[in-house]
Amino acid sequence: MKPIYLSIQQQETGENIRRLLKTNGYTVKDVQEVMGFENPQAVYKWLSGKSLPNLENLLILSKLLNISIENILVVDEDINLLWRITMQGILNRINDVLVLQNGIRNYRIR
């Protein structure tokens, strides 16, 4: 099995957190209060992509937003991996249709 290399994209993750908060009607002040922060600087750093929430804060964000941590983070490999899985599924379905329609055995799209 080949290793999977992933990298969290800070800037895009910050933009995603901003979008998720806005969609759910939360403000920076709301997050600050939920996290128990004395000031909002940490939240602003997340939103700007200058830093990422630690694991504990990611868990709190996921509970606040009612989503998984994976849906908060933007990982560089996510899009490519999803695309490859989707394309392979499409090719498999096309292959099945061709086999059924044409009665061709062992026909494979490559």
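Start by selecting residues 10-23, which make up helix 1. This is a predicted model, and in it the 14 residues of helix 1 reach 20 Å from first C-alpha to last, close to the 20 Å expected at 1.5 Å a residue.

Now colour the buried residues of helix 1: Thr-13, Gly-14, Asn-16, Ile-17, Leu-20 and Leu-21. Turn the view until you look down the axis of helix 1; these buried residues fall within an arc of 160 degrees, so they line one face of the helix. The background is simple: an α-helix has 3.6 residues a turn, so residues three or four places apart point the same way.

What sits over that buried side? Bring up helix 2 (28-35), helix 3 (41-48) and helix 4 (55-65), which are among the parts covering the buried residues of helix 1.

Move on to Val-28, which has its place in helix 2. Is Val-28 buried or exposed? Its relative accessible area is 15%, and under 20% counts as buried, so Val-28 is buried.

Which residues touch Val-28, leaving aside its neighbours within four places in sequence? Show Pro-40, Val-43, Tyr-44 and Leu-47: Val-28 is in contact with each of them. For a last stop, draw a line between the C-alpha atoms of Val-28 and Tyr-44: they are 7.5 Å apart in space, though 16 residues apart in sequence.

Conventions:
Residues are numbered from 1 along each chain as its sequence is written. This is a predicted model: local features need pLDDT of at least 70, side-chain atom pairs count only at pLDDT 80 or more; totals for chains, interfaces and linings use all residues. Side-chain values use heavy atoms; hydrogens and water are left out. Helices (H or I, at least four residues) and strands (E, at least two) are DSSP runs, numbered from the N terminus. The expected span of a helix is 1.5 Å times one less than its number of residues. Buried means under 20% relative accessible area, exposed over 50%, partly exposed in between (1.4 Å probe, protein chains only). The arc is that of the directions from the helix axis to the C-beta atoms. Contact means heavy atoms within 4.5 Å.
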